[in-house]
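Biologist: Could you take me through the labels on this model and tell me what backs each of them up?

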Amino acid sequence: MRIRRHRDGKWMLCVIMLCFTDWCGAQISYSISEEVDKGSEVGNIAKDLNIPTQQMEQRGFRIVSGYSKKYFEVNLRTGALLVHERIDREELCPNLAKCSLNIEGLMSHPMNIHRIEVAVIDINDNAPLFIEQIHVFNISELSSSGERYPLPVAQDADSGSNSVKTYKLSPNEHFSIDASGGGDGASAELVLQKALDREKEAIIKITLTAVDGGKPARSGTMQILVNVIDVNDNTPSFSKSLYKIRVSESAPIHTTVLQLNATDLDEGSNSDIRYSLMKRGNVNSAEKFIVIPETGEIVVKAELDYEENNAYELRVQATDQGASPRSGYSKVLVEVVDVNDNAPQISITSLMSPVKESAEAGTVVALVTVTDKDGGQNGILSCDVTAPLPFRFTSNYRHYYSLVVDGVLDRETVSQYNVTIIAVDKGNPPLSSTAVVTVHISDINDNPPRFADAKMIIYVKENSKVGEIIAQTRAHDADKNHNAKMTYSLIDNYPKRVPVSTIVNINSETGDIVSLQSFNYEELKTFQFKVQATDSGVPPLSSNVTVNVLILDENDNSPAILPPYSEHGSVNSESIPYSAEAGYFVAKIRAVDADSGYNALLSYHLSEPNGNNLFRIGTSTGEIRTKRRMSDNDLKSHPLVVLVSDNGEPSLSATVSIDVVVVESTADIQTPFRHVPIKEESFSDLNLYLLIAIVSVSVIFLLSLITLIAVKCHRTDSFSSYSAPMITTHPDGSWSYSKSTQQYDVCFSSDTLKSDVVVFPAPFPPADGDLISINGGDTFSRTQTLPNQDKVGYTLLMLQ
């Protein structure tokens, strides 16, 4: 094995640093003899590039090339460049004086490219070879001493000093050899030294030996037969000893490229010339051209290819037809003119796909080699990408290019690019080639989950089953795979209140919201929380949606009778005079329903058929009145059953029983407002409280009256700026207390001596006072301004 490194003329290493857009590469030249053993060291890349071997392993140093075989590999532990495959120079670079292998060393994180050129040095592993084993010369015995005859040329696959250098003849008395070197290798001529005598020797056998310049030298032999011909003493002569012609490589087959012309001074058959081509060692000369024997026209026999061979040397022979044929010789140099018949060839030597969508501008995506077999202008190339894509094409070195990122990548917008590379040469007309590089974009977690809306409303019926799915929350993540896998969780908007986790739960994978309790509209009408969707990326991203839960009322509460008819165990009775007219007010039933809407819309009916003849009840007011005057046939006591029903589905109801007693006169009417057992005490605590309340009300009334007069003196329009609730009486004798969100009705029987205590809830609205007006033909009329107090209190009004 012979390995040479070019440094200072002895072991010299040429390192050419080429700096490109965002990375740098270096060119290193090595030389190595062909046919070296596998594993032979070419050079130490780590040392020559000043790269630590640990960094080579960490950054994944590797060798790439456009050859079909992997000729070299790198020992990452030592940094040595080693031979991996057998290298045959004659196979790689046939008929070329210089042979080299161009490879690239790649390092990642960041990407670095190092150009490496390995020159393959020829060794003398091929012996010279003659195409013919025997060559015949017909030489007249009249030939003069000094005549020369071109000898066949041997072919040697080696080059340089290892090619054919000289020729030798076996010892003989008639001929010598004149060998000379030339641009196409060594050639030789057979020189006649002594006149021939056919009578002494008709056939002369000589061995021709071709010797190359290798050490040790190799040789090849062939047999030369010389037929000594008699009589014909004139040799055909060409018009030129050397012809030079130019032929386009696109010349059709059978095209005549040259007309040879040779003359012979003899007459008859001795001057009838036939032309032929001599076989020699030049590559495929006889296969590409033929000569027409009769005319001497040299014709294209096969298609020419400038890229295969750009020149041919033909040895032509003109032989007369005499009894002793004589031949003349000439040389034809054929130059093949290149035409632009080869389109550029694009080769993707390395593809770094997929590329992260976060890749910065200048990141290398692919390494591309573009070549053109044509020469001159036909081989000059320009390369680029065809469409406006976030990539650009940059030149590295000669025909080596890089496809790099040149814009913002977004996988959610475009997940794959088909980058079309076009290469155009400078020929006329220009030829072009295209190649498509498919670049896949890999995902990063750059998109948080998204809900369709920022808020959502859920309607849930009360009394729903525990564990039911009340809603489904769904978020969408534009990322994919692991970055799009989401988990759902609950966030309490008001952590100081009842934790939302005790009310509902959420399936972390599906986003289904499940109730953990049965809802009661009367206790909880609405609540709010947030659902958070978090993806599984690194770092994780999340987003929220606000969920408002509205409980829908169900008719699950029956009407409740309000006092004074609601006390358990009480005996409800009312008295009316016998002289009562039609429409006489008997009583007013009040009821409430804890439900809302239609479920709380109440209606009143008399369910006792016997009472429907004498009494009627307002379906919406609950007021019981007489339908006609009393007659002697009517009973003195009338038991009435009042049915209070709501408007829900199904309807719920409650009943209350009232005994209406007919008395002869109003003096007999008592006020059995409530008939409950009363303790026999001379002066109970209740009476004491009642007395205190009455005294307090009187004092407050006087103070309020004085304050009202004083205020009216200064501000007569003080009541106009407020909307004070009003308590008024109806013609039937009932009171109504009306407010924005509630209404209480207080009833008393007209034409009676009943006294009712009316309790108004406090605090009152923010006005100077509430106006109480009692009209409509009652026993008295009073206007009272109640004080405005922020604290809770009660105002007792005794009606007499």
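This is a predicted model: local features need pLDDT of at least 70, side-chain atom pairs count only at pLDDT 80 or more; totals for chains, interfaces and linings use all residues.

Biologist: Let's start with the rings. How many aromatic pairs does a search of the whole structure find?

Modeller: Nine. Take Phe 391 and Tyr 417, with ring centres 5.3 Å apart and planes at 80°.

Biologist: What makes Phe 391 and Tyr 417 a pair, and of which kind?

Modeller: Centres have to lie within 6.5 Å, and theirs are 5.3 Å apart, so the rings pair. Planes over 60 degrees apart count as edge-to-face; these are at 80°, so that's the label. The two sit 26 residues apart in the chain, Phe 391 in strand E30 and Tyr 417 in strand E32, so the pair links distant parts of it. Both Phe 391 and Tyr 417 are buried.

Biologist: And why is the pair of Phe 393 and Tyr 401 called stacked?

Modeller: Stacked needs planes under 30 degrees apart. The angle for Phe 393 and Tyr 401 is 10°, with 5.1 Å centre to centre.

Biologist: How do you know whether Phe 393 and Tyr 401 are buried or exposed?

Modeller: The cut-off for buried is under 20% relative accessible area. Phe 393 has 12%, so it is buried. Tyr 401 comes in at 10%, so Tyr 401 counts as buried too.

Biologist: What sits over the ring of Tyr 400?

Modeller: The charged end of Arg 115, 4.3 Å from the ring centre. In the case of Tyr 521, the charged end of Lys 525 sits over the ring, 4.9 Å from its centre. For the distance part, the limit is 6 Å.

Biologist: On to the cysteines. What makes Cys 93 and Cys 99 a disulfide?

Modeller: The sulfur atoms must be within 2.5 Å, and here they are 2.0 Å apart. That's the one disulfide the structure holds. The angle about the S-S bond is 60°, and the link is right-handed. Cys 93 and Cys 99 are both buried.

Biologist: How about Cys 383, buried or exposed?

Modeller: Buried: its relative accessible area is 17%, and the cut-off is under 20%.

Biologist: Last one, the surface. Which residues make the nonpolar patch of about 360 Å²?

Modeller: Leu 691, Val 695, Val 699 and Leu 703. Val 695 is found in helix H5, which covers residues 685-714.

Biologist: Why is Val 695 called partly exposed?

Modeller: Exposed means over 50% and buried under 20%, with partly exposed in between. Val 695 has 47%, so it lands in that middle class.

How values were computed: Residues are numbered from 1 along each chain as its sequence is written. Side-chain values use heavy atoms; hydrogens and water are left out. Rings of Phe, Tyr and Trp (its six-membered ring) pair if their centres lie within 6.5 Å; planes under 30 degrees apart count as stacked, over 60 as edge-to-face and the rest as tilted. Helices (H or I, at least four residues) and strands (E, at least two) are DSSP runs, numbered from the N terminus. Buried means under 20% relative accessible area, exposed over 50%, partly exposed in between (1.4 Å probe, protein chains only). A charge sits over a ring if NZ of Lys or CZ of Arg is within 6 Å of the ring centre and within 35 degrees of the ring normal. Patches are made of residues with over 30% relative accessible area and no salt bridge: like charges are joined within 9 Å, nonpolar side chains (Val, Leu, Ile, Met, Phe, Trp, Tyr) within 5 Å. Accessible areas come from the Shrake-Rupley method with a 1.4 Å probe; for residues, only the protein chains shown count as cover. A salt bridge is a side-chain nitrogen of Lys or Arg within 4 Å of a carboxyl oxygen of Asp or Glu.
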